[in-house]
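Please open the model in a viewer and keep the sequence at hand. The stops below say what to select next and what is found there.

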Amino acid sequence: MASQKTKVFDYTAYSLPTEGSAGLTGSWRSKRPVIVDAKCTKCNLCWLYCPEGTIIRVKGKIPIVDLTYCKGCGVCAKECPSRAIDMEDESKWLSR
Ligand code: SF4
Ligand code: SF4
């Protein structure tokens, strides 16, 4: 009879966001983040907090939101210390 061993894990499970971890967004997003250039201090906190990993850092410049993966959750806008991200209705953009 095989001995029963208790496996002891010496690590904590965790996951890291990856770009587009939940897949392409398609057309269902109702809000999109728009960075107001004049307010942005380039602190990159939005990049840090985006759960989709869909904000792209550009050294010394304002970050870019990859809308093909952005889910419109608004976390970036909530975390931005400068209130530089407006969550705008998608319908406003579709009619452009
Ligand atoms: S968190 Fe706000 S201020 Fe900082 S880089 Fe993003 S948009 Fe700019
Ligand atoms: S709205 Fe959500 S998914 Fe889109 S860039 Fe902001 S934090 Fe990321």
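Begin by selecting ligand 2, which 13 residues surround; a residue counts as near a molecule if its C-beta atom, placed from the backbone, lies within 6 Å of it. The closest are Cys50, Cys70, Cys73, Val75 and Cys76. This shell divides into eight nonpolar, three polar and two charged residues. Here Ala, Val, Leu, Ile, Met, Phe, Trp, Tyr, Cys and Pro count as nonpolar, Asp, Glu, Lys and Arg as charged, and the others, Gly among them, as polar.

The model is predicted: local features need pLDDT of at least 70, side-chain atom pairs count only at pLDDT 80 or more, and totals for chains, interfaces and linings use all residues. Residues are numbered from 1 along each chain as its sequence is written, while chains are lettered from A and ligands numbered from 1 in the order in which they are written.

Next, select ligand 1. Its shell also holds 13 residues, the closest being Cys40, Cys43, Leu45, Cys46 and Cys80. Nine residues of this shell are nonpolar, three polar and one charged.

Now select Ile35, Cys46, Cys50, Ile55, Val65, Cys76, Cys80, Ala84 and Ile85, the nine residues of the largest nonpolar core. Such a core is a set of buried Ala, Val, Leu, Ile, Met, Phe, Trp, Tyr and Cys residues joined through C-beta atoms within 7 Å. A residue is buried if 20 or more other C-beta atoms lie within 10 Å of its own, exposed if 12 or fewer, and partly exposed in between.

Helices (H or I, at least four residues) and strands (E, at least two) are DSSP runs, numbered from the N terminus. Is Pro63 buried or partly exposed? Pro63 is partly exposed because 19 other C-beta atoms lie within 10 Å. Leaving aside neighbours within four places in sequence, Pro63 is in contact with residues including Ile35, Cys46 and Ile55, where contact requires C-beta atoms within 7 Å.

Finally, display the whole protein, whose elements run β-α-β-β-α-β-α from the N terminus on. Colour the chain by pLDDT, the predictor's confidence in each residue, from 0 to 100. The mean is 86, and 76% of the residues reach 70 or more. Among the elements, helix α3 (residues 90–94) has the lowest mean pLDDT (88) and helix α2 (residues 75–79) the highest (98).

Note on methods. Contact = placed C-beta atoms within 7 Å.
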